[in-house]
Amino acid sequence: MRVFILLMIVGLLTGCEKGESIKINDASAGGYTVMVSNGNVLISGNKSDNKGNVTTKFWINGESADQLKFAELVENGAFYRQSVDENYRIVYTFKGQDGVFQNYQFDQGSLSNDGKIFYYKNNSIVNMASDSIGTISSVALHDGHPFFAGYLGKITQSETGLVLRPITPFIWDGGSSMVLLSLPEQVSHFAGISTISMLGTNEFYVGGLCGFPMYWHNYDPIILDNRYGEVWQVIKSGADIYAVGLMNKYNSNSTGHTACYWKNGDLYELEDNAQAYGIFVDGANIYVTGSVGRVPANYRPCYWKNGIRTDLPI
């Protein structure tokens, strides 16, 4: 929560252009994960009120839904991202092939455990067997085995106190093997890892927050645009690679983003003053979820089916 609130405040401050008046809504929200299961469009995301309280939201076929009904419709072998739990940890939920749910929870860089790397599985802490300083921010399962992505960092002093500064991205098999990823030469500010997708031990995709939209295909960085942007999910459908996120036509990291996705490196714009976080391909149909709005306090949840937007209730 502390990091989320800080990011929200920064977004509000940097999102105010000179002379711009911003009306803050009672609540804002956005979609994280979208999937289609037996004809049902399932979306998980977040809701934040103007007091900083953050909860997970679920939608089924464009209507608000409770978690139990949502979970019943999720197919075995699928996963979805929640917002934060009662301990303000990011949560990924996987439904195994046996129908049993597993939750993976990640601290948000609060420097717990003296900055050493750990995660929670079903609320039980698991520590990395090294003294490396860093954090985990995403997980993917392959053949039922978790693979993690995050970054090694350095604890530094800031105006608000000690913070963990991202330095080197990594993927980790949860055991003894950690693989470091090289940053592209043009990176001036590395802010962390957004996502990991494991299609096999020799085929993986990792999204990096590097100031421009990019991801790693195995160890090779794939740069999608030189303007400011972010990649928040990478999937493979057939032979095609989809990366979803946002880009800014004015090369700004504050406001006025464009929700978009890239298919095999080609850009497909969805909408200006919007941002996208999740994508799902169902036959010839492409579903993307995220939010519309110029600044975080006014983000409204939605999804696009083949580029046509459906607004979601908060």
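A salt bridge is here a side-chain nitrogen of Lys or Arg within 4 Å of a carboxyl oxygen of Asp or Glu. By this rule the count comes to nine salt bridges. Before selecting any of them, note that this is a predicted model, in which local features need pLDDT of at least 70 and side-chain atom pairs count only at pLDDT 80 or more, whereas totals for chains, interfaces and linings use all residues. Residues are numbered from 1 along each chain as its sequence is written, and side-chain values use heavy atoms, with hydrogens and water left out.

**Stop 1: salt bridges**

Select aspartate 225 and arginine 227, whose closest N and O atoms are 2.9 Å apart in a salt bridge. Aspartate 225 is buried, at 13% relative accessible area, while arginine 227 is partly exposed, at 28%.

Next, select lysine 263 and aspartate 240, the side chains of which meet in a salt bridge with an N to O distance of 3.9 Å. This pair links distant parts of the chain, 23 residues apart, with lysine 263 in strand 20 (residues 258–263) and aspartate 240 in strand 19 (residues 240–247). The strand numbers count DSSP runs from the N terminus, a strand being a run of E of at least two residues and a helix a run of H or I of at least four. Lysine 263 is partly exposed, with a relative accessible area of 26%, and aspartate 240 also counts as partly exposed, at 24%.

Then move to glutamate 269 and lysine 249, which form a salt bridge with their closest N and O atoms 3.0 Å apart. Because glutamate 269 lies in strand 21 (residues 266–272) and lysine 249 in the loop between strand 19 and strand 20, the pair ties together parts that are 20 residues apart in sequence. Glutamate 269 is partly exposed at 44% relative accessibility, and lysine 249 is partly exposed at 32%.

**Stop 2: two asparagines**

Which backbone angle of asparagine 264 is positive although the residue is not a glycine? Its phi is, at about 55°. Asparagine 264 sits in the loop between strand 20 and strand 21, and at 42% relative accessibility it counts as partly exposed. Now select asparagine 273, which has a positive phi of about 55° although it is not a glycine. Asparagine 273 is found in the loop between strand 21 and strand 22, where it is partly exposed, with a relative accessible area of 32%.

**Stop 3**

Glutamine 105 can be found opposite tyrosine 120 in strand 8.

**Stop 3: cavity and pocket**

Rolling a probe the size of a water molecule over the atoms shows where empty space is left. On a 1 Å grid over the protein atoms alone, a cavity is a set of points where a 1.4 Å probe fits but cannot get out, while a pocket is an open set with protein on both sides within 12 Å along at least five of seven lines; lining residues have an atom within 4 Å of a point.

The structure holds one cavity of 30 Å³ or more. About 80 Å³ of space lies in the largest cavity, and of its 13 lining residues, Asp107, Lys116, Phe118, Gly134 and Thr135 lie nearest the centre. Strand 10 (residues 134–142) gives the most to this lining, with three residues.

Finally, select Gly77, Ala78, Phe79, Phe94 and Leu141, which lie nearest the centre of the second largest pocket among its 42 lining residues. The volume of the second largest pocket is about 1000 Å³, a volume being the space filled by probe spheres set on grid points that are joined across faces, edges and corners.

Key
Pairing = 2+ DSSP bridges. Buried < 20%, exposed > 50% of the residue type's maximum accessible area, 1.4 Å probe, protein only.
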